[in-house]
Amino acid sequence: MKRLTIFVLLAHLLACSTEAQQKKFPVMKTEAEWKKQLTEQQYYVARKEETESPFNNAYHDNHEKGVYTCIGCGQLLFASDTKFESGTGWPSFFKPANNKAVEEHRDQKFGMVRREVHCSRCGSHLGHVFEDGPKPTGLRYCMNSASLQFAKKLNSRNLM
Ligand SMILES: [Zn+2]
């Protein structure tokens, strides 16, 4: 009986700590498949929630008109007309392309409570959202270039 209680407690603890990774997404791949598809940096940022270096990334200073899609599944995430200069060295947007594109998760790593942002279709980590952005939303989606793919035009695969 006592052993069973401990087992249930442990199972519960484990379930809580791996909640984010175990969530089901429309696009699910094995670690091996992700590693094959992504570059090493893309894999560590998008799948292991690491953060790339500020300024030394592809899109922080990109001013071209176009769209930003998910590196993991190609879903449309952000459009260039919502991108702004945040001065942080990461591509920053005041809102996602639509309200279903991204999901949030409470991130308590490093002793801070932050709002982690990931792709709603494949769960790839994108960055964090902060409440010090410009009008009209007041939000700052601070994204990693490694999780995004810029294109001047959207192709049909991004609209699925
Ligand atoms: Zn995705």
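A residue is buried if 20 or more other C-beta atoms lie within 10 Å of its own, exposed if 12 or fewer, and partly exposed in between, with C-beta atoms placed from the backbone. Numbering starts from 1 along each chain as its sequence is written.

Colour by pLDDT, the predictor's confidence in each residue, from 0 to 100. The chain averages 89. Now select residues 15–20, where pLDDT stays under 50. Where pLDDT is low, the predicted coordinates should not be read in detail.

Switch to cartoon view. Look for four helices and nine strands. Helices (H or I, at least four residues) and strands (E, at least two) are DSSP runs, numbered from the N terminus.

Next, the core. A nonpolar core is a set of buried Ala, Val, Leu, Ile, Met, Phe, Trp, Tyr and Cys residues joined through C-beta atoms within 7 Å. The largest one has 27 residues. Select Leu77, Cys119 and Met143, which have the most contacts inside it. Elements that each supply at least two of its residues include helix 4 (40–46) and strand 8 (140–143).

Stay on Met143. Two residues are in contact if their C-beta atoms, placed from the backbone, lie within 7 Å. Beyond four places in sequence, the contacts of Met143 include Trp90, Phe93 and Leu148.

Last stop: Phe55, in the loop between helix 4 and strand 1. Phe55 counts as exposed because it has 10 C-beta neighbours inside 10 Å.

Terms used. Predicted model: local features only at pLDDT ≥ 70, side-chain atom pairs only at ≥ 80, totals over all residues.
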